[in-house]
Amino acid sequence: MVADSSLVQEYSIKRWDFTKAGEASCEIKNTLKQIGVSQDVIRRVAIAAYEAEMNVVMYARRGKIRCEIDTTIIKITIEDEGPGIEDINLAMQEGFSTATPEMREMGFGAGMGLPNIKRNSDVFEITSVVGRGTKLKMIFNL
Amino acid sequence: MQKQRHSIRFIEEKCIGCVTCVRACPTKAIRVVNGKAHVNHDRCIDCGECFRLCPHDAISSETTSYADLEQFDCTIALPSPVLYSQFSYDVMPNQILLALKEIGFDYVFDEAWDCELTTDALQEYLDTTEGPFPKISITCPVVVRLITMLYPNLVKNLVKLEIPRESAAKKFRQKAVKSREISPEKIGVIHITPCPAKMISINHPVGLEKSNLDGAIAISDIYGRLLEALKGLEEDVILQLSSGIGIAWAITGGEIMGIHQENCLAVSGVQDVIRVLNDVEAGKLNDIVFLECLICPDGCIGGSLTVQNRHQARRKVRRLIKMFGEHTRVSREMVLRLYRGGYFNQQKEISPNPLPPLDPDPGKAIQKLKQRDEILKNLPGKNCSACGAPDCRTLAEDVVLGQSSIDDCVFLTLDKLKEKA
C-alpha cells in the first residue's frame, strides 16, 4: 500500500516522559507542512497523532511511532509494549477513560483519546493483547 | 519610496558572521554566507530576537525618527502603556503624558485607555463569538505573523477585533481634523513603541487595508528628551484616563486581567509561544477560551526598544495597577454601544500565508525530505552552526534545495583532511 518512494520516519516513545511528550507528533506535523499537505489533513493528523502518542506516554512501557508518507496517503502506526486494552469496544466509547487523577490533573484523560483518533482519521484499526501491548494504525487519504 | 518589508537591518561592515542571530532566529530565517549574516525575508516575522542578541551591534531596527515629525502640521502621540514602566518608581503616567506634550507633540492621548475599552469589547466578543476556541489575541503583530506563516490552521482562531492602537489612531485623527480644521494627511499619528514590529504592522498591516498610524517612535529614541522634559514639569492637566486594567496591557497577562472568563491563558516569550501554539494545534487546549500570546519575554515590557530592564518595569507596572485599581473606568453601556456600532470591527479578514513546501510537487517534496534525512545521517549532529545554518538538519535541507554545500560542514571537512594526511 505504501510505495517504495515513500518517506518513512520513526520515533520512539517512553512511559511518563512528559517533557518530550508530543514531540513526535509535532515532528510529523512539521514534515507534512514541508510537503505541502492540505491544512485540513495536517489538522487531523496533528490531533490524532498527539492523542495516540500521549496514550503510549501515559499507559505503556515504551512504544514506536512509524509514519509513512507518499503522494496518496499518510499511514501512521503506533505499537507499544504495555498492559494492552481488555475491552476495546468499551475503550472506543466516547467518554470512557482509565486515566488516574494525576493524569487528569495534567489535563489528560477526558476519555477523548481513541474515539478522537478514529474521528480524525480516514482508516482506523486497533489490535491489542492484554499484557503485551497495543497496535494502532491510522490512515489519512491525501 | 517602497515601504520596507521588515524593520530589521543587517549592517554588513559590523557583522563578523558569529552566528548568534542564526541560532536565535525562531523561524530559521538567517544564514551566515561568506562570513556575513543574511536574512530570508520570506521567513522573517520581525520578532527582533536577532536584534536583541547581536553582540556586535550589527543589526539595527528601523522606526520613525524624531526628525520625521516635521513633515506633519499636527502630531498626535499614542504611547504604549509600556512607556509608563520606564521611569523611576515615583514618576506617574500623567507626568509622562505631559512630558510627551512638552517635547513637541500637539496632542497626547492615553493609549492605555483604549486598551481598557478593548478589554471590555473583548469580553463581549468572547461572550458572543462562536468557535473555534481558543480565540488568540492579535495585539502582538509578531504572533499574528507567526500564526499566518507557521500555523495557518489557527488563523481562524484569531480574535476579530481591531487592536487598541489602531482604533485609537482613527478616533483621534478624526478629532484633530475637526478641532484644527486641517486635512487628515497633515496629521501625524505616532505610536510610542517598545518594539520594532509595530513599525511593520503600520507599513504592512494584516487586519486592515491601511494603518491608521503614520509611524512609530522607539521608546529608547525619545527617552532622553522625556527625562529632560520631566524636570520641572508643571502638572496642570489630567491626560491619564486609564485604570490598572488598561495599564496592565504592558505586561503578560494584562489583556486577560480585565476578562471575567476563567479559562484564559497568557503566554510570553518566543519559545513558549511556539510551544503553546503546537499544543493548540494538537487539540490540547480546547477548554481555553482566550489565549494571550506576546512574543517578547514578560510581554511588551520585554520589547527590544525599551530602556528599563523588564523586571524593574514589571515591578513598576504592578505598582501602577495597584495605585489605579483593577476596576475598569470604562462604562459598559458605552462600550456595548460602540461595539454594536462597529467601532471595534476588524476591517479586513486576516488570511493564512503559509511557508511554501520544499517543492510545489508533493512527490518531489517527499523525495527532497528523504534526501535530507540521508544527508543528515552523515552530518555530525553537533548543531555547531559553523556552516552558517542554525543546525545540522537545516544545513541538510539547504543542501537539498541547492542553497548550500555539504562541504560547509567543518567536521566533515576536518575528517576529509585527516584522511588525506
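Predicted model: local features only at pLDDT ≥ 70, side-chain atom pairs only at ≥ 80, totals over all residues.
Me: I see α1 and α2 in chain A. At what angle do they pack?
Reply: Helix α1 of chain A covers residues 23-35 and helix α2 of chain A covers residues 39-59; they pack at an angle of about 160 degrees, and their axes are 8 Å apart.

Me: Why are α1(A) and α2(A) called roughly antiparallel?
Reply: Angles over 145 degrees count as roughly antiparallel. The angle here is about 160 degrees, and therefore α1(A) and α2(A) are roughly antiparallel to each other.

Me: Is the crossing of α1(A) and α2(A) left-handed or right-handed?
Reply: The crossing of these two helices is right-handed.

Me: Which residues meet there?
Reply: On the α1(A) side you'll find A:Ala24, A:Ser25, A:Ile28, A:Lys29, A:Leu32 and A:Lys33. Facing them from α2(A) are A:Ile42, A:Val45, A:Ala46, A:Ala49, A:Tyr50 and A:Glu53. Sorted by class, this contact has eight nonpolar, one polar and three charged residues.

Me: Nice. Now chain B: what domains does the assignment give?
Reply: The domain assignment of chain B gives domain 1 (1-62), domain 2 (66-340) and domain 3 (361-421).

Me: How far apart are the centres of domain 1 and domain 2 of chain B?
Reply: Their C-alpha centres lie 26 Å apart. The contact between them takes 16 residues from domain 1 of chain B and 16 residues from domain 2 of chain B.

Me: Which helix gives the most on the domain 1 side?
Reply: That's helix α2 of chain B (residues 49-53), with three residues. By class, the side of domain 1 of chain B that touches domain 2 of chain B has five nonpolar, five polar and six charged residues.

Me: What about the contact of chain B with chain A? How many residues are in contact?
Reply: 15 residues of chain B are in contact with 19 residues of chain A. On chain B's side, α11 (270-281) and α14 (362-378) each supply at least two residues, and α14(B) gives the most, with six residues. The chain B side divides into eight nonpolar, four polar and three charged residues.

Me: Let's move to α15 of chain B. How many of its residues are buried?
Reply: Helix α15 of chain B (residues 392-400) is mostly covered, with eight of its nine residues buried. Among the buried ones are B:Cys392, B:Leu395, B:Asp398 and B:Val400. What covers them includes α14 of chain B, the helix that gives six residues to the side touching chain A.

Me: What comes just after α15(B)?
Reply: Just after α15(B), B:Gly402 takes a positive phi of about 75 degrees.

Me: Last one: where is B:Arg315 found?
Reply: B:Arg315 is found in helix α12 of chain B, residues 310-324. B:Arg315 has 15 other C-beta atoms within 10 Å, so it counts as partly exposed. B:Arg315 and B:Ser85 are 230 residues apart in sequence, and their C-alpha atoms are 8.2 Å apart in space.

Notes:
Residues numbered from 1 in each chain as written. Chains lettered and ligands numbered in written order. Axes fitted to C-alpha atoms, helices over the stretch in contact; angles between N-to-C directions. Helix = DSSP H or I, 4+ residues; strand = E, 2+ residues; numbered from the N terminus. Parallel < 35°, antiparallel > 145°, perpendicular 65-115°, else oblique. Left-handed = near helix turned anticlockwise from the far one by under 90°. Contact = placed C-beta atoms within 7 Å. Nonpolar A, V, L, I, M, F, W, Y, C, P; charged D, E, K, R; others polar. Domains from an automatic or database assignment. Buried ≥ 20, exposed ≤ 12 C-beta atoms within 10 Å, placed from the backbone.
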